[in-house]
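Me: I would like to learn how to read a protein model. Can we go through it one feature after another?

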Amino acid sequence: MRFIDEAIVTVKAGDGGNGIVSFRREKYVPRGGPDGGDGAKGGDVIVVADDNTNTLVDYRYTRRYDAGRGENGHSRNCSGKNADNIYLRVPIGTTIIDNETGEVIGDLTEIGQELLIAKGGDGGLGNTHFKSSTNQAPRKATSGFEGDLKQLKFELKVVADVGLIGLPNAGKSTFIRQVSSAKPKVADYPFTTLVPNLGVVDVGLHRSFVMADIPGLIAGASEGAGLGIRFLKHVARTRRLLHIVDIKPIDGSDPVDNAKVILNELLTFSPELANLPQILILNKIDQVPDADELETLCQHIVSELAWDGVVFRTSTLTGEGVDEVKYHLMNDIELEQEREAEDPEFAKAQKARFERLEAQVRTSTEEQKEAYKEARREQRAAALLLGIDEDDTDGLSDNNEDDNDDGVEVIYAP
Ligand SMILES: Nc1nc2c(ncn2[C@@H]2O[C@H](COP(=O)(O)OP(=O)(O)OP(=O)(O)O)[C@@H](O)[C@H]2O)c(=O)[nH]1
Ligand SMILES: [Mg+2]
């Protein structure tokens, strides 16, 4: 299944039916009064959050949705029949944005939640309404009102409590496999994970949280290197970021430099996101069996990063230290939730922070999308100048401007 996290959709709510002009015609009643019924309401377009889907792929294929028109009125003062509403099913975590004004219309965060996105027009009035003492036989009726026509952007961000970030190969997917029943692919090459994966982490009876595993980031990701930073928006709704650092990378790179790369990319993408509480996970401790050596290395990393937050040491391969992280996260999340419930000031501040973060993430993602398109245009122009057939060119084989050249099935809306 393709994972699509953006789509642009046009919706047209139904127009209202017209009111009609009609007069009663009955045997032995020579001058029956007006009896033109009202037109009926056009259908609304409503989006519904559905947990059976986790992609907006359907909206890449069908981009326009029209609700039906309300029926015209009938004689004998009968109103027409209202048109049916249409319901568009979207994954939980979808935000609906007016594509012309950029205004956020709403957010679908709970199963079954509905949002009216285009209102059907009301029906017109039949001539009965226009009867008066001076006009017993009005020939006037009104037309139905137009239904809303809107171009909207559907934007999906997965909903999770904890987001995993780190370089490719740090062990993010191995981590989520250890703590949840999610089974993303794990392999010893970079960019094994191409789309976000969610896992529910059960922590004893009735206690659980959701963790999101996203593709790895590399240096220059904010300029489009690797898979870019487009997936970072998927950890924007989390409460905690888990920064996974491989303490003994097989390529011999310095774990401190590696961790700094991630911190930098995060900051470039969104200072608000970088501001989320982060937990440092020093992973692959099984690779340093000597206890003293491990202690020195871990302390070195923490002090070089000037890290004053929470740190854990784990081996996501053997499972060592992983449960401690799980319990820590669960407690942390519960404490925060309790505080939000009890302290309205804190809840307000949290909400404001969340809104700032959303706005920043949206701008950054848009900017990167534009930069990406520009780079593609330049590549194409260069290929054209050189007379290279695009299909023979590595990374240029895809003619769809919106696809990226890594073959990842995450597609930006045009
Ligand atoms: N020795 C050791 N190897 C590990 C550990 N955790 C993960 N690995 C290995 O590291 C490699 C990468 O692990 P993944 O979980 O796929 O890494 P990732 O961070 O999800 O990587 P991307 O999806 O490419 O971003 C795999 O070969 C894992 O088996 C660990 O704690 N110790
Ligand atoms: Mg992975």
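Reply: Start with the ligand. By class, the shell around ligand 1 holds 8 nonpolar, 12 polar and 4 charged residues. Keep in mind that this is a predicted model.

Me: Which residues come nearest to ligand 1, and which helix gives the most to the shell?

Reply: Of the 24 residues around ligand 1, the nearest are Gly171, Ser173, Thr193, Gly216 and Leu317. Helix α2, residues 172-179, gives the most to this shell, with 3 residues.

Me: How many helices and strands does the protein have?

Reply: The protein has 7 helices and 14 strands. For the overall form, look at the radius of gyration: the protein has 29 Å, whereas a compact globule of 414 residues would have a value near 22 Å. Along the principal axes, the C-alpha atoms fill a box of roughly 110 × 65 × 35 Å.

Me: Which strands pair with β12?

Reply: Strand β9, residues 162-166, runs parallel to β12 and is joined to it by 5 bridges; Val162 stands opposite Arg240. Strand β13, residues 278-283, also pairs with β12 in the parallel sense, over 6 bridges. There, His243 has Leu280 as its bridge partner.

Me: How do I read a helix, such as α7?

Reply: An α-helix has 3.6 residues a turn, so residues three or four places apart point the same way. Helix α7, residues 344-386, has 43 residues and reaches 63 Å from its first C-alpha to its last, close to the 63 Å expected. Its buried residues are Glu358, Val361, Arg362, Ser364, Thr365, Gln368 and Arg376. What covers them includes α3 and α4. Just after α7, Gly387 takes a positive phi of about 70 degrees.

Me: Is Asn331 buried or exposed?

Reply: Asn331 lies in helix α6, residues 322-342. The cut-off for exposed is 12 or fewer neighbours. Asn331 counts as exposed because it has 12 C-beta neighbours inside 10 Å.

Definitions and conventions: Residues are numbered from 1 along each chain as its sequence is written. Chains are lettered from A and ligands numbered from 1 in the order in which they are written. This is a predicted model: local features need pLDDT of at least 70, side-chain atom pairs count only at pLDDT 80 or more; totals for chains, interfaces and linings use all residues. Helices (H or I, at least four residues) and strands (E, at least two) are DSSP runs, numbered from the N terminus. The expected span of a helix is 1.5 Å times one less than its number of residues. A residue is buried if 20 or more other C-beta atoms lie within 10 Å of its own, exposed if 12 or fewer, and partly exposed in between; C-beta atoms are placed from the backbone. Two residues are in contact if their C-beta atoms, placed from the backbone, lie within 7 Å. A residue is near a molecule or strand if its C-beta atom, placed from the backbone, lies within 6 Å of it. Ala, Val, Leu, Ile, Met, Phe, Trp, Tyr, Cys and Pro count as nonpolar, Asp, Glu, Lys and Arg as charged, and the others, Gly among them, as polar. The radius of gyration is taken over C-alpha atoms; the globule rule is 2.2 Å times the number of residues to the power 0.38. Two strands pair if DSSP finds at least two bridges between them.
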